[in-house]
Amino acid sequence: QVRLVESGGGLVQPGGSLRLSCAASRNAFSIYTMGWYRQTPGKQRELVATITSGGTTNYADSVKGRFTISRDNVVNTVYLQMSSLKPEDTAVYFCNARYIVEYWGQGTQVTVSS
(Lines give C-alpha, C1' and ligand atoms only; values in the text may rest on other atoms or scores of the structure.)
Protein backbone atom coordinates (compact mmCIF):
# COMPACT_ATOMS: atom_id res chain seq x y z
CA GLN A 1 0.00 0.00 0.00
CA VAL A 2 3.04 2.27 0.23
CA ARG A 3 4.80 3.07 -3.00
CA LEU A 4 8.36 4.35 -2.81
CA VAL A 5 9.95 5.87 -5.88
CA GLU A 6 13.64 6.72 -5.89
CA SER A 7 15.21 9.22 -8.23
CA GLY A 8 18.43 11.14 -8.66
CA GLY A 9 20.84 8.33 -9.41
CA GLY A 10 23.33 8.46 -12.22
CA LEU A 11 26.98 8.68 -13.16
CA VAL A 12 29.20 11.03 -11.19
CA GLN A 13 32.92 11.70 -10.99
CA PRO A 14 34.88 10.75 -7.87
CA GLY A 15 34.72 13.62 -5.42
CA GLY A 16 31.45 14.80 -6.87
CA SER A 17 28.04 15.15 -5.31
CA LEU A 18 24.62 13.69 -5.93
CA ARG A 19 21.27 13.94 -4.22
CA LEU A 20 18.84 11.05 -4.14
CA SER A 21 15.13 11.50 -3.52
CA CYS A 22 12.51 9.03 -2.41
CA ALA A 23 8.86 9.99 -2.75
CA ALA A 24 6.31 8.08 -0.68
CA SER A 25 2.67 7.64 -1.59
CA ARG A 26 1.09 7.96 1.85
CA ASN A 27 -0.03 11.05 3.71
CA ALA A 28 1.05 9.31 6.94
CA PHE A 29 4.66 9.52 5.80
CA SER A 30 5.70 11.37 8.95
CA ILE A 31 5.25 8.35 11.24
CA TYR A 32 7.68 6.14 9.32
CA THR A 33 11.33 5.66 9.95
CA MET A 34 12.92 6.18 6.55
CA GLY A 35 16.18 4.76 5.35
CA TRP A 36 18.59 4.36 2.49
CA TYR A 37 20.29 1.05 1.79
CA ARG A 38 22.64 0.01 -0.96
CA GLN A 39 23.63 -3.21 -2.67
CA THR A 40 26.30 -4.30 -5.13
CA PRO A 41 26.35 -7.58 -7.08
CA GLY A 42 27.35 -10.51 -4.89
CA LYS A 43 26.97 -8.57 -1.66
CA GLN A 44 24.22 -8.22 0.90
CA ARG A 45 22.18 -5.09 1.14
CA GLU A 46 23.69 -2.73 3.69
CA LEU A 47 22.34 0.20 5.64
CA VAL A 48 23.52 3.62 4.56
CA ALA A 49 21.45 5.97 6.69
CA THR A 50 18.16 6.20 8.55
CA ILE A 51 16.04 9.00 9.92
CA THR A 52 13.24 8.54 12.44
CA SER A 53 9.93 10.35 12.59
CA GLY A 54 11.50 12.58 15.23
CA GLY A 55 14.48 13.44 13.05
CA THR A 56 17.11 11.26 14.70
CA THR A 57 19.69 10.12 12.15
CA ASN A 58 22.01 7.16 11.93
CA TYR A 59 24.79 6.56 9.42
CA ALA A 60 27.04 3.75 8.37
CA ASP A 61 30.65 4.45 9.31
CA SER A 62 31.65 4.34 5.66
CA VAL A 63 29.51 7.35 4.77
CA LYS A 64 29.61 9.35 7.99
CA GLY A 65 30.65 12.92 7.33
CA ARG A 66 29.98 12.63 3.61
CA PHE A 67 26.29 11.76 3.35
CA THR A 68 23.32 13.53 4.90
CA ILE A 69 19.82 12.11 5.19
CA SER A 70 16.87 14.45 5.58
CA ARG A 71 13.12 14.39 5.21
CA ASP A 72 10.34 16.72 4.19
CA ASN A 73 7.07 15.57 5.71
CA VAL A 74 5.05 18.12 3.75
CA VAL A 75 5.88 16.50 0.42
CA ASN A 76 6.43 12.96 1.78
CA THR A 77 10.00 12.78 0.57
CA VAL A 78 13.29 11.62 2.05
CA TYR A 79 16.62 12.74 0.64
CA LEU A 80 20.16 11.50 0.67
CA GLN A 81 22.73 14.16 -0.10
CA MET A 82 25.98 12.50 -1.09
CA SER A 83 29.25 14.40 -1.23
CA SER A 84 32.89 13.46 -1.74
CA LEU A 85 31.74 10.38 -3.59
CA LYS A 86 34.11 7.46 -3.98
CA PRO A 87 34.13 4.57 -6.46
CA GLU A 88 33.23 2.24 -3.60
CA ASP A 89 29.95 4.12 -3.22
CA THR A 90 28.84 2.61 -6.52
CA ALA A 91 25.71 0.57 -5.87
CA VAL A 92 21.99 0.37 -6.31
CA TYR A 93 20.45 2.54 -3.64
CA PHE A 94 17.12 1.51 -2.16
CA CYS A 95 14.63 3.55 -0.20
CA ASN A 96 13.01 1.94 2.84
CA ALA A 97 10.00 2.89 4.95
CA ARG A 98 9.48 1.17 8.28
CA TYR A 99 6.76 1.38 10.89
CA ILE A 100 4.90 -1.85 11.57
CA VAL A 101 5.47 -3.15 8.06
CA GLU A 102 8.47 -2.46 5.83
CA TYR A 103 8.30 -1.18 2.27
CA TRP A 104 11.01 -0.97 -0.37
CA GLY A 105 11.50 1.03 -3.50
CA GLN A 106 12.81 -0.37 -6.77
CA GLY A 107 16.23 1.20 -6.38
CA THR A 108 18.27 3.74 -8.28
CA GLN A 109 21.74 3.15 -9.69
CA VAL A 110 24.62 5.31 -8.51
CA THR A 111 27.90 4.93 -10.37
CA VAL A 112 31.02 6.78 -9.26
CA SER A 113 33.67 6.58 -11.93
CA SER A 114 36.08 8.71 -13.92
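**Close-up views of a predicted model**

View 1. Strands β7 and β8 are paired in the antiparallel sense, over six bridges. The model shown in this and the following views is predicted. Within the pairing, Phe-67 has Met-82 in β8 as its bridge partner. Strand β7 presents two faces: Phe-67, Ile-69 and Arg-71 make up the covered face, while Thr-68, Ser-70 and Asp-72 make up the uncovered one. Four residues lie between the strands of the hairpin, where Asn-76 takes a positive phi near 55 degrees.

**View 2. Two residues with positive phi in loops.** Asn-76 belongs to the loop between β7 and β8. Its phi, near 55 degrees, is a positive value in a residue other than glycine. The relative accessible area of Asn-76 is 9%, so the residue is buried. Ser-84 is found in the loop between β8 and β9, and is likewise a residue other than glycine with a positive phi, here near 50 degrees. Ser-84 counts as partly exposed because its relative accessibility is 41%.

**View 3. The open sheet of four strands.** The strands follow the order β1-β3-β8-β7, and their pairing is antiparallel. The edges are formed by β1 (4-7) and β7 (67-72), each of which pairs on one side only. On average, and with direction ignored, neighbouring strands of this sheet are turned by 15 degrees against each other. Strand β3 pairs with strand β8 (residues 77-82) in the antiparallel sense, over six bridges. In this pairing Cys-22 stands opposite Val-78 of β8. In general, strands of a sheet pair through backbone hydrogen bonds, in either a parallel or an antiparallel manner.

**View 4. The disulfide of Cys-22 and Cys-95.** The structure holds one disulfide. It joins Cys-22 to Cys-95, with an S to S distance of 2.0 Å. Distant parts of the chain are linked by this pair: Cys-22 is in strand β3 (residues 18-24) and Cys-95 in strand β9, 73 residues apart. The torsion about the S-S bond is about -85 degrees, so the disulfide is left-handed. Cys-22 and Cys-95 are both buried.

View 5. Side chains of opposite charge can pair when their charged atoms come close. The count of salt bridges in the model comes to five. One of them joins the side chains of Arg-38 and Glu-46, at 2.8 Å from N to O. Arg-38 counts as buried, at 6% relative accessibility, whereas Glu-46, with a relative accessible area of 37%, is partly exposed. Another salt bridge is formed by Arg-66 and Asp-89, whose closest N and O atoms are 2.8 Å apart. This pair links distant parts of the chain, with Arg-66 in the loop between β6 (57-59) and β7, and Asp-89 in the loop between β8 and β9, 23 residues apart. Both Arg-66 and Asp-89 are buried. Through salt bridges that share partners, Arg-38, Glu-46, Arg-66 and Asp-89 are joined into one network.

**View 6. The salt bridge of Asp-61 and Lys-64.** The closest N and O atoms of Asp-61 and Lys-64 are 3.2 Å apart in this salt bridge. Asp-61 is exposed, with a relative accessible area of 67%.

**View 7. A nonpolar patch on the surface.** The patch is formed by Ile-31, Tyr-99, Ile-100 and Val-101, which together have about 430 Å² of accessible area. Tyr-99 lies in the loop between β9 (91-98) and β10 (102-104).

Methods:
Residues are numbered from 1 along each chain as its sequence is written. This is a predicted model: local features need pLDDT of at least 70, side-chain atom pairs count only at pLDDT 80 or more; totals for chains, interfaces and linings use all residues. Side-chain values use heavy atoms; hydrogens and water are left out. Patches are made of residues with over 30% relative accessible area and no salt bridge: like charges are joined within 9 Å, nonpolar side chains (Val, Leu, Ile, Met, Phe, Trp, Tyr) within 5 Å. Accessible areas come from the Shrake-Rupley method with a 1.4 Å probe; for residues, only the protein chains shown count as cover. A salt bridge is a side-chain nitrogen of Lys or Arg within 4 Å of a carboxyl oxygen of Asp or Glu. A disulfide is a pair of cysteine sulfur atoms within 2.5 Å. Buried means under 20% relative accessible area, exposed over 50%, partly exposed in between (1.4 Å probe, protein chains only). Two strands pair if DSSP finds at least two bridges between them. Axes are lines fitted to C-alpha atoms, for helices over the stretch in contact, and angles run from 0 to 180 degrees between N-to-C directions.
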